[in-house]
Amino acid sequence: METTGCGTAIVTPFRADKSEGSIDDTALASLVNWQIDSGIDFIVACGSTGEAATLDETEWLRAIRIVIEAASGRVPVFAGCTHNCTRTLLRQAALLRHVHGVDAILSANPYYNKPTQEGQFQHFLALARAVDPIPVVLYNVPGRTGVNLDPQTVVRLAEAAPNIQAIKEASGRLPQISELVHSLPHNFKVFSGDDNLALAAIGVGAQGLISVASNEIPAEMARMIGAALQDEWAEARELERQYGRLFDANFWESNPGPVKTVLNLMGRTTDAVRLPLVPPAHATRLKLERLAGELGLLK
């Protein structure tokens with residue numbers, strides 16, 4: 001996999017026409033175009049920030065196709081495909097094999113079951129074999145799934161399946177990111193999964209970031225990550241200093257509630273989320289509006 005830099009874990013916009021809201025195709029395509037025009041290096045469709053867990057199978061495939069069509073080959077598109085039942089994951093992954101334009105499949109740890117390291121190894125190995133030769137990007141996010149994917153297991157997977165070529169590391173543990181960088185082959189890509197750890201992760205050898213904040217500030221995040229990868233640390237740190245409050249604000253309540261609220265304030269989509277998520281409380285919305293105004297996002 002050659003992809004590096006800053007990718008956006010893009011939101012899935014919903015119309016405000018029903019209690020559950022239908023996907024707003026036009027808004028999603030518009031967001032993708034804005035992201036690419038702003039210099040983002042790749043797009044992740046239907047990840048955690050894209051509320052994939054609340055999309056039915058038809059909607060999930062449709063959202064991925066909308067992103068691919070809008071991207072039109074200008075940047076790579078990663079398709080999120082996660083399930084805690086391996087059999088279901090393989091069935092869904094087989095559907096992606098027939099979607100032209102999927103450059104990689106991103107899959108998170110199986111949630112709720114709390115599998116052992118061996119269980120996770122067998123789960124991801126089965127996925128990789130099922131979709132080969134499509135590249136697989138592992139997604140380690142123990143805060144959401146309840147289990148950590150240990151570096152030793154990642155190394156085993158990289159050795160066992162050549163199409164497992166990258167990891168989005170969102171454990172929040174810098175020593176773990178460092179161990180991954182030092183243990184894996186040089187062509188294996190390590191992406192930070194946390195905006196507020198991205199520069200530190202690149203400092204120890206990561207090749208980029210899969211970002212939440214780039215939904216709101218794509219040009220600035222692309223510049224920050226690009227600067228860090230080019231050893232232009234003064235510029236990278238200045239951008240982090242300027243927008244670090246936004247990185248934190250995006251998690252004042254459950255993601256992507258705050259991000260969708262800011263995008264709504266910017267006039268780019270509704271703030272609709274799907275149950276069990278709800279829009280941020282009124283007090284949180286006021287704080288987000290104040291911060292977005294201070295950062296110049298409400299032009």
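Leucine 138 has isoleucine 167 in strand E6 as its bridge partner. Strands like this one (DSSP runs of E, at least two residues) and helices (DSSP runs of H or I, at least four) are numbered from the N terminus. E5 and E6 run parallel and are joined by 5 bridges; two strands count as paired if DSSP finds at least two bridges between them. Keep in mind that this is a predicted model, where local features need pLDDT of at least 70 and side-chain atom pairs count only at pLDDT 80 or more, while totals for chains, interfaces and linings use all residues. Residues are numbered from 1 along each chain as its sequence is written, and side-chain values use heavy atoms, with hydrogens and water left out.

**Around the barrel**

E6 also pairs with E7 in the parallel sense, over 4 bridges. Here alanine 166 stands opposite lysine 189 in E7. How many residues of E6 are buried? It's 6 of its 6, so E6 is mostly covered, where buried means under 20% relative accessible area, exposed means over 50%, and partly exposed is in between (1.4 Å probe, protein chains only).

Now step back to the whole sheet. The strands form a closed barrel of 8, running E1-E2-E3-E4-E5-E6-E7-E8 with parallel pairing. From one strand to the next, the twist averages 25 degrees. Helix H7 (residues 174-183) packs on the sheet and touches E5 (136-140), E6 (164-169) and E7 (189-192). The direction of H7 makes about 165 degrees with that of E6.

Where does E1 come in? Strand E1 (residues 5-9) is joined by 4 bridges to strand E8 (residues 208-211), and the two run parallel. On its other listed pairing, E1 has 3 bridges to strand E2 (residues 42-45), again parallel. Threonine 8 takes part in both: serine 211 is its bridge partner in E8, and isoleucine 43 is the residue opposite in E2. Because 5 of the 5 residues of E1 are buried, this strand is largely enclosed by the rest of the structure. E2 goes on to pair with strand E3 (residues 77-80), parallel, over 3 bridges. In that pairing, valine 44 stands opposite phenylalanine 78 in E3.

**Two helix pairs**

Next, some helices that pack against each other. Axes are lines fitted to C-alpha atoms, for helices over the stretch in contact, and angles run from 0 to 180 degrees between N-to-C directions.

| Helix pair | Angle | Axis distance |
|---|---|---|
| H11 (residues 257-265) and H12 (residues 282-294) | about 55 degrees | 10 Å |
| H2 (residues 57-71) and H3 (residues 86-96) | about 40 degrees | 11 Å |

H11 passes H12 in a right-handed crossing, and H2 passes H3 in a right-handed crossing too. A crossing is right-handed if the near helix is turned clockwise from the far one by less than a right angle, and left-handed if anticlockwise.

Which residues of H11 meet H12? They are Pro258, Thr261, Val262, Asn264 and Leu265, and they meet Arg285, Leu288, Glu289 and Ala292 in H12, with contact meaning heavy atoms within 4.5 Å. By class, this contact has 5 nonpolar, 2 polar and 2 charged residues. Ala, Val, Leu, Ile, Met, Phe, Trp, Tyr, Cys and Pro count as nonpolar, Asp, Glu, Lys and Arg as charged, and the others, Gly among them, as polar.

**A loop residue**

Finally, asparagine 113 sits in the loop between strand E4 (104-108) and helix H4 (117-131). Asparagine 113 is partly exposed, at 44% relative accessible area. Asparagine 84 is 29 residues away from asparagine 113 in sequence, and 6.9 Å away in space, C-alpha to C-alpha.
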